[in-house]
Amino acid sequence: MDIIAPVVTPFRNGRLDLDLYAEHIRNITAKGVDAIFVAGTTGLGPALSVEERKALLEAAASAARRVIFQVGSLVLDQALDLAKYAERFDAVEAIASVPPYYFPRLSERQIAKYFRDLCAATTRPVYLYNYPAAVGRDVDAKAAREIGCLKGVKDTNDSIAHTLAYKRLMPHMRVYNGSDSLVLASFSVGLDGVVASSANYVPEALARLREYVARGDLERARSLQFAIDEVLEAARPLGYSSAVYELVEIFQGYDAGEPRPPIYPLDPEERAWLRAAVAQARSKLAP
Ligand code: FW2
């Protein structure tokens with residue numbers, strides 16, 4: 001079962017810090033992360049230009065053996081361009097995409113055609129990134145099966161039953177859940193793994209949690225899951241996409257750069273408040 005990190009995208013003064021990006025990837029892959037998800041939600045994917053996503057992919061492919069590249073765009077040609085660009089990197093094991101978003105009442109036929117066009121543009125497996133709360137529509141297991149060319153799914157969903165349905169209807173599909181609160185549940189029901197933003201800041205704890213589940217030590221596994229939940233509860237009111245950068249510094253001990261507006265960095269008071277708020281969880285999650 002994989003631990004996949006949707007890595008943060010470090011900016012400094014609004015520009016990518018690619019050295020820091022590669023360094024962060026090397027650090028967390030040395031601590032239990034199996035694969036890197038580039039340009040996802042935690043990575044501010046929809047807020048990146050095509051050129052920035054290409055630069056991130058090149059840096060990630062230099063620092064990790066396994067990369068999943070998120071190419072979703074409301075400009076199909078950009079998504080196709082990114083998918084084709086990824087062909088040059090052996091480390092890219094799959095292309096992922098959110099479904100077309102923002103525009104309401106797109107038909108299932110149109111959503112399916114988007115993914116079939118993507119599948120036709122690449123030799124790599126294509127994964128659905130299903131995140132209804134962010135995208136505004138749910139491409140559930142039945143709809144995913146109708147699309148016909150998908151080889152995997154990352155389902156960011158608080159319902160493990162919703163995620164399991166992909167495995168039930170398409171047993172050969174690689175199925176991951178993207179909710180940090182469902183890491184224990186995902187490992188326990190035997191998904192192919194998790195894509196957890198917490199892998200940016202507590203990769204060691206996720207690796208231990210997976211080991212506890214494998215050994216049947218659910219009490220210790222639950223304790224780690226509950227500590228992660230405490231961190232999420234503290235961070236989310238501050239704006240989780242911004243707080244993740246601070247959480248990397250708190251738990252990993254290095255500056256992970258900052259987000260780029262309109263995802264604004266935490267201010268000094270918020271950073272101090274978060275550090276105090278996660279102190280107890282930190283002791284439970286310490287390596
Ligand atoms: C990503 C993920 C994780 C998110 C989750 C949302 O791309 O960042 O879906 O952290 O709370 O897969």
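Guide: Buried means under 20% relative accessible area, exposed means over 50%, and partly exposed lies in between (1.4 Å probe, protein chains only). This is a predicted model, where local features need pLDDT of at least 70, side-chain atom pairs count only at pLDDT 80 or more, and totals for chains, interfaces and linings use all residues. Residues are numbered from 1 along each chain as its sequence is written, and side-chain values use heavy atoms, with hydrogens and water left out.

Visitor: How many helices and strands are in the protein chain?

Guide: Helices (H or I, at least four residues) and strands (E, at least two) are DSSP runs, numbered from the N terminus. By that rule, the protein chain has 13 helices and ten strands.

Visitor: Why is the protein chain as compact as a globular protein of that length?

Guide: The radius of gyration is taken over C-alpha atoms, and the globule rule is 2.2 Å times the number of residues to the power 0.38. For 287 residues the rule gives 19 Å, so the protein chain counts as that compact with its close value of 18 Å.

Visitor: What share of the 287 residues in the protein chain is buried?

Guide: Accessible areas come from the Shrake-Rupley method with a 1.4 Å probe, and for residues only the protein chains shown count as cover. The accessible surface is about 12,300 Å², with 51% belonging to carbon and sulfur atoms. Of the 287 residues, the buried share is 57%.

Visitor: Is H11 mostly covered or mostly uncovered?

Guide: Buried residues of H11 include Tyr240, Tyr245, Glu246 and Phe251. They pack against strand S2, helix H1 and helices H9, H10, H12 and H13. Eleven of the 13 residues in H11 are buried, making the helix mostly covered.

Visitor: Which residue takes a positive phi just after H11?

Guide: Phi there is about 85°. The residue is Gly253.

Visitor: What covers the buried residues of H10?

Guide: H10 has 18 residues and reaches 25 Å, close to the 26 Å expected. Its buried residues include Leu224, Gln225, Asp229 and Leu232. Their cover includes helix H8 (183-188), H9, H11, H12 and H13.

Visitor: Why is the disulfide of Cys119 and Cys149 right-handed?

Guide: A disulfide is a pair of cysteine sulfur atoms within 2.5 Å. Cys119 and Cys149 qualify, with S to S at 2.0 Å. The disulfide is right-handed because the torsion about its S-S bond is about 75°.

Visitor: How many residues apart are Cys119 and Cys149?

Guide: Cys119 sits in helix H4, while Cys149 lies in the loop between helix H6 and strand S8. Cys119 is buried at 17% relative accessible area, and Cys149 also counts as buried, at 18%. The pair links distant parts of the chain, and the separation is 30 residues.

Visitor: Which residues is Arg145 in contact with, leaving aside its neighbours within four places in sequence?

Guide: Arg145 is in helix H6, and at 40% relative accessible area it is partly exposed. Its C-alpha is 6.9 Å from that of Met170, 25 residues away along the chain. Contact means heavy atoms within 4.5 Å. The partners of Arg145 are Leu169 and Met170.

Visitor: Is Leu44 buried or exposed?

Guide: Most residues other than glycine have a negative phi, and most peptide bonds are trans. Leu44 has a positive phi, near 60°. Leu44 is in the loop between strand S4 and helix H2. Its relative accessibility is 6%, so Leu44 counts as buried.

Visitor: Is Tyr102 buried or exposed?

Guide: Phi of Tyr102 is also positive, near 65°. Tyr102 lies in the loop between strand S6 and H4. Its relative accessibility is 66%, so Tyr102 counts as exposed.

Visitor: What is omega for the cis peptide bond that joins Pro261 and Pro262?

Guide: Pro262 belongs to the loop between H11 and H12. The bond from Pro261 to Pro262 is cis, with omega at about 15°.

Notes
Expected span 1.5 Å × (residues − 1).
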